[in-house]
Amino acid sequence: SKTVLRNRTLTCRMMSKTQEESKLADYQRKIARSREVISFSVCVLDALTMKNGFERTVGNPLTIQFHSPWTVENLTQANLEIQLIDPIAEVIAHYQISSGSNIHVCCYDFRRNINGRIRLKTGDDAIETNWSKVFEIYHCENWENELSVSIPDLDEKSSQDIRVEVSRDSSSSQVRICLYNRFWLMNLTGLKLTCQKFTGLDVTSRRELDNGALVAYDGDLEFRLSGFAWSSAVNVLDSNQRRQVVCLNTATDEHPFAREKQAIDNETVNLHSCMIPASGKFDRTALVLLLPAIFVQNDLNRSIVLWQRGTECVSFDRLKMPHVLVGPNTRRPFHPEGARELCRLSVSQSEHIHRLIHSTIFSPAMEEVTLLRTEENEIVSAKAEVSVHGPIIITFSEVSSRIPHRLVNNTPYTLEFLQVGSSVNETVSTEPYQVKPLIWPDPSAVPRRLVLFRIDQVEVPRSFELEVDMFQAISLYGKKNRDGLVQRFAANLPQSRQDISGYVLCQTGTSPDSVRADLPVAIPLQGDQMMVAVRVLDLLLHDFRFHCVPPGDLADCEICAVFTMTAQGSWVVNGLDSRVFIMVNDALVASTQLKAGDRVSFCVRASGLDRSDATATLFTLDVQSAHEYYNKYAASVSLLSCSSALVDGTKELSFSMGKDASNAPEDPPRDFTIVSLCTPVLKILLEDDLSSRTEELLHLYMEDVKVSIISDGDARQMSASVLKLQLDNQYDNSTALPVVMCVNAEDAGAAALNVAIVEKLGRAGLGSFFQHIRLEFGDSYLFVEDKLVVRIGEFVTRFLASGNAKGQRGGSNEDEEISEEIRMVRRQFLDEACQGEAPSQVLSEKLVFLEDFRMKPMNIHLTLLFSGDNKSSETVRKFAGAIVERIVRKIRIDDVVVKIPAMEVKKMLNTESFCLSLLSRLFMSRFSDSFFSAKFVLKGLDAWSDRMLGLQVEGQSVGGVRLTRRRPIQEEWEEVGEVEESGGAER
């Protein structure tokens, strides 16, 4: 049969008492008969392929499915009562439907019209609200309908707008009645709010919003807190942006609200509102979130307190500053005084602090992981990121082995630095041959740079500014400043170092691993005698602690060597019977006279062997002339150099002694590799040859293509430009949009595409170092047709089927309640225990550093054409949501201008996948803010009544240029005859 969908009615007779024969009784029997009918829908499907109609395979067994003809689903936030009413105004069904549930109705068929009315259901059966007006749900042969119903609110003073969507399932012939709200309002601020709704100039309703409360609301709203005045009227529907700021101010003394107890100690509170689609089956509804300015997430195993510090913009006269106590593994909202971008914060572990002295002052706009010092002088790790919904999320955690920044001092000097642009008068110092984490005095100063200003307590001319993200080696001082630096440093050295004579024992190491921290770098031989004593901590592990002590001050140490000055002024070293013995110039000695150039080694005796067999050398001291040593010591400051590298995910700033540039050989000439491509026309064709015949899908046409790559041992430069670009649809010859994309069709002068990339090579610890990336696009015209999108999706799916098998999303559970659908939204923001997620493992992935990424602003002119078939609608709804699917259903939208502003990213270090996802999120966020604005979402919500969006035009054109395919679609060859001479078919 051609028709496979059948509606059958099963009638059951009711045995009742004999009634009086009258017109009224006869009419009542007819009504009773219509109510006592059980209706169902029958669907005949192919049992193997589950297809119907002409798609069924002849010979396959059939499956007969029975469905209820009606399904009523409540997707609002409230429990509802619904009555189904027949054309003669009699109630034929009465149901109570909880939020998120549905019911099946079998008491009415499709032969007559049906009306309905609804009202809110309260928890108290004694309280009843008024019914809405009767509205038409279904009209014979009209399977689709959508209308707005106004129902009285619980306070009976206002009303709620509920949308009723009627649709029919093409496979089961089942009619679905869906009740939903256009907007939900959710309070996630952590505060108890009061909101009131305006209709015209009158307040129509007032409602309390507890933390986490969800209500159906729209229109002009005002908000307030206890002790605060009403905010200005806010309407998220009147804004072109999805995010807004609601400002609340404390009530003045004359205001009645001033007598209330303040909900929070602030004078001002800024709330952020954001509009997003609801999740799951509630995706028809737009969810408006009220959020705080900052969320504080504590991943530590102890409580912390976040304080707001006073600044020039915000000062605190009262003793108690704004703060929040955050327990272990929890997240709490924080409301700073004033704008969050200008506030400064500090951390402590106790609320009982009268003054913050030692804690680090930082800004909530930190761009990377930073080490902070608490008021108790403990170090914690902090990271701030801006959520896509608007708030800033600050996460505190323990300091891991992968600290963000580290200082490595490979010099014999004590170096002290100042942070450039810091408002904190605090220095960063590092001892000789020391490795220490870098804690910035002012993490809010951007960019973070250090400048050397003091060496061994001697103030010197300031060096070049040093940045941890430079990833290269530089000298701290230029040639013009080196002589003045040496003279100033030598003149300000302590007098004891300038006038010293005799010898100095110097450690010969060049790094923290080769220099002992328990001994000075240089030991002057002064007085009559000096002893080297050792305290043995673990002989097997060679764990010793050495001390240079004067005679008599042994402090439970074992003396291993004694240096003594003779009457002639020379120095003699005497080795004692100890587990640590000495060797001079690699020879075992008991006593010998020292001279300049000798090397004294301290070695460990091997157990059970002779001393000459010992091979473990603990450290070595060189004997040098004190006068020559300190002259060289003062002159070597001009050779100070600094290098920045990435070591196990940590940005390391290392200081060492560079080479003398005057004696350095010249660099050999470099070899360059140049690859270039220049062509007037370049064409690329995408074909699908997996079907029965090769099928062309897309054709890319580019004019005046120029590509060049220049590389040497240090860098690689890549550039590309395209004058014109056009992508054609080679799949459908009858489409109204043969051109898919076109850039610079009008010859405006600018190129369609310009790309410039400079990559530095050979950077230690980095997979890729991009010094700068520049992207520039011309005005793009994008034409999207659902049939082509589905065809390309099928083509790509074949290659990604194995990878996406585990990622496919299953169907939603019909019995899932609203609290489960939005549970993740609440859980993400409210005061709940944070689930311990494993930290991302970035060391195993390729690390990428973007020093400077810039993209110029661009405009995208978007045209959408949708046929409205089920397959296309399901694809759009899956990837773009129900709101967008409603916008583009069976309509054509022409020339929607999407403005993508300029994008800029500086000094970002992360994995390659993270960088790509971040750039894509930035692009999509800009796209979303421009395209999916509040007004556009309203168009989606009202798409049924406003079916004509944009200017309807025929064909395709850009300005005055008519667009056509660059490559005609190849027609199939037909057999036209046979050639007898060859015996083959001519095609």
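I709 is partly exposed, with a relative accessible area of 31%. This value comes from a predicted model. I709 lies in strand β51. Together with V675, L677 and V707, I709 forms a nonpolar patch on the surface. The accessible area of the four residues together is about 290 Å². Two strands build the patch: β50 (673–688) and β51 (695–711) each supply at least two of its residues.

The closest N and O atoms of R966 and E703 are 4.0 Å apart. E703 counts as buried, because its relative accessibility of 18% falls under the 20% limit. R966 is partly exposed, with a relative accessible area of 39%.

Of its 987 residues, 46% count as buried. The accessible surface comes to about 51500 Å², and carbon and sulfur atoms account for 50% of this area. Among contacts with a separation of 6 or more, 62% join residues 24 or more positions apart.

The count of salt bridges comes to 27. R449 takes part in a salt bridge with E465, and the closest N and O atoms lie 3.1 Å apart. This pair links distant parts of the chain, 16 residues apart. R449 is in strand β33 (residues 449–455), whereas E465 is in the loop between β34 (458–459) and β35 (466–467). R449 counts as partly exposed, at 29% relative accessibility. E465 counts as partly exposed at 41%. R449 also meets E467 in a salt bridge, at 3.3 Å from N to O. R449 lies in strand β33 and E467 in strand β35, so this pair ties together parts 18 residues apart in sequence. E467 is buried, with a relative accessible area of 10%. Elsewhere, a network of salt bridges links R774, D852, R854, E904 and K906.

Helix packing was examined for α2 (residues 479–491) and α4 (residues 626–635). Their axes come within 8 Å and cross at roughly 130°. That angle makes α2 oblique to α4. On the α2 side, the residues that meet α4 are V486, F489 and A490. Their counterparts in α4 are Y633, A634 and A635.

A further helix, α5 (residues 786–804), holds R791. R791 counts as buried, at 9% relative accessibility. Leaving out residues up to four places away in sequence, R791 touches D688, E695, L697 and Y731.

K595 is placed between β45 (591–593) and β46 (599–604). Neighbours within four places aside, K595 is in contact with Y503 and V623. S570 is 25 residues from K595 in sequence. In space, the C-alpha atoms of K595 and S570 are 8.1 Å apart.

Technical notes:
Residues numbered from 1 in each chain as written. Predicted model: local features only at pLDDT ≥ 70, side-chain atom pairs only at ≥ 80, totals over all residues. Heavy atoms only, no water. Helix = DSSP H or I, 4+ residues; strand = E, 2+ residues; numbered from the N terminus. Contact = heavy atoms within 4.5 Å. Patch = residues over 30% accessible without salt bridge, like charges linked within 9 Å, V, L, I, M, F, W, Y side chains within 5 Å. Areas by Shrake-Rupley, 256 points an atom, 1.4 Å probe, with all protein chains shown as cover. Salt bridge = Lys/Arg side-chain N within 4 Å of Asp/Glu carboxyl O. Buried < 20%, exposed > 50% of the residue type's maximum accessible area, 1.4 Å probe, protein only. Axes fitted to C-alpha atoms, helices over the stretch in contact; angles between N-to-C directions. Parallel < 35°, antiparallel > 145°, perpendicular 65-115°, else oblique.
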